[in-house]
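This report describes how the parts of one protein chain are arranged. Please examine the sequence and the structure shown below before reading on.

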Amino acid sequence: MAMQCPSCGSAHIQPMSVVHANGTQHFHATHTAVTLDGQFVQGSTQGSQATVLAQHCAPPAPPSPIPFVAAYGLGGAVVYHAATVCDLFERGCRVGMSAMALLLYNWKQAAIGLSLIAFGWLLMKGWHAQAKVYSAAKRQWQSTWFCHACGQSHLRG
Ligand SMILES: [Zn+2]
């Protein structure tokens with residue numbers, strides 16, 4: 001059985017991933033320039049260029065884990081700071097206090113750090129849900145075909 005577009009019957013159909021790959025060009029360019037004091041400098045440009053059609057057939061973008069990683073990192077740093085740093089000019093802070101005692105002493109800062117970590121946990125839950133949606137979308141994209149004749153895309157099982 002020949003592969004045909006269900007909308008117009010054309011045989012000129014390709015998977016989205018193929019259309020995307022064919023329309024995307026990765027380039028690596030090197031350029032040499034001379035600076036004002038007569039030195040040669042070399043720079044290079046790397047990137048990819050996609051045609052409008054390739055962009056139309058681009059895979060779904062994965063969700064970024066950066067927000068929750070950043071919230072965890074920042075929260076961890078604040079808690080660590082609260083457990084290790086003591087302002088010697090303040091009353092009640094002594095050299096050699098245990099991390100636990102310092103945490104209690106700097107409880108406001110520790111609370112801020114802990115709420116940042118809690119916030120990071122919420123962001124991670126959201127990211128998890130997005131990642132599930134993304135993998136479903138990615139699977140669908142992998143079995144979606146594009147018709148060059150009518151411009152419609154359709155799923156093939
Ligand atoms: Zn078609």
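## Division into domains

The protein chain falls into domain 1, covering residues 11–58, and domain 2, covering residues 59–149. The model is a predicted one. Between the C-alpha centres of domain 1 and domain 2 there is a distance of 34 Å. To the contact, domain 1 contributes 10 residues and domain 2 contributes 9 residues.

On the side of domain 1 that touches domain 2, at least two residues come from each of β1 (13–15) and α1 (16–23). The element that gives the most to this side is α1, with 4 residues. Sorted by class, the side of domain 1 that touches domain 2 comprises 6 nonpolar and 4 polar residues, and no charged residues.

## Strand pairing

Strand β1 is paired with strand β4 (residues 144–147) in the antiparallel sense, over 3 bridges. Within this part of the structure, glutamine 14 stands opposite phenylalanine 146 of β4.

Strand β4 is also joined to strand β5 (residues 153–155) by 3 bridges, and β4 and β5 run antiparallel. Here tryptophan 145 stands opposite histidine 154, a residue of β5. Together β4 and β5 form a hairpin, with 5 residues between them. In the turn of this hairpin, glycine 151 has a positive phi of about 80°.

## Packing of helices α3 and α5

Helix α3 (residues 66–84) and helix α5 (residues 107–142) have axes that come within 8 Å and cross at roughly 165°. Because of this angle, α3 is roughly antiparallel to α5. The crossing in which α3 passes α5 is left-handed.

Which residues of α3 and α5 make the contact? On the α3 side they are Pro67, Phe68, Ala71, Tyr72, Leu74, Gly75, Gly76, Val78, Val79, His81 and Ala82. On the α5 side they are Gln109, Ala110, Ile112, Gly113, Leu114, Leu116, Ile117, Phe119, Gly120, Leu123, Met124 and Trp127. The residues of the contact of α3 with α5 comprise 17 nonpolar and 6 polar residues, with no charged residues.

## Summary

The chain is divided into domain 1 and domain 2, and α1 gives the most residues to the side of domain 1 that touches domain 2. Strand β4 pairs with β1 in the antiparallel sense and forms a hairpin with β5.

Methods: Residues numbered from 1 in each chain as written. Predicted model: local features only at pLDDT ≥ 70, side-chain atom pairs only at ≥ 80, totals over all residues. Axes fitted to C-alpha atoms, helices over the stretch in contact; angles between N-to-C directions. Parallel < 35°, antiparallel > 145°, perpendicular 65-115°, else oblique. Left-handed = near helix turned anticlockwise from the far one by under 90°. Contact = placed C-beta atoms within 7 Å. Nonpolar A, V, L, I, M, F, W, Y, C, P; charged D, E, K, R; others polar. Domains from an automatic or database assignment. Pairing = 2+ DSSP bridges.
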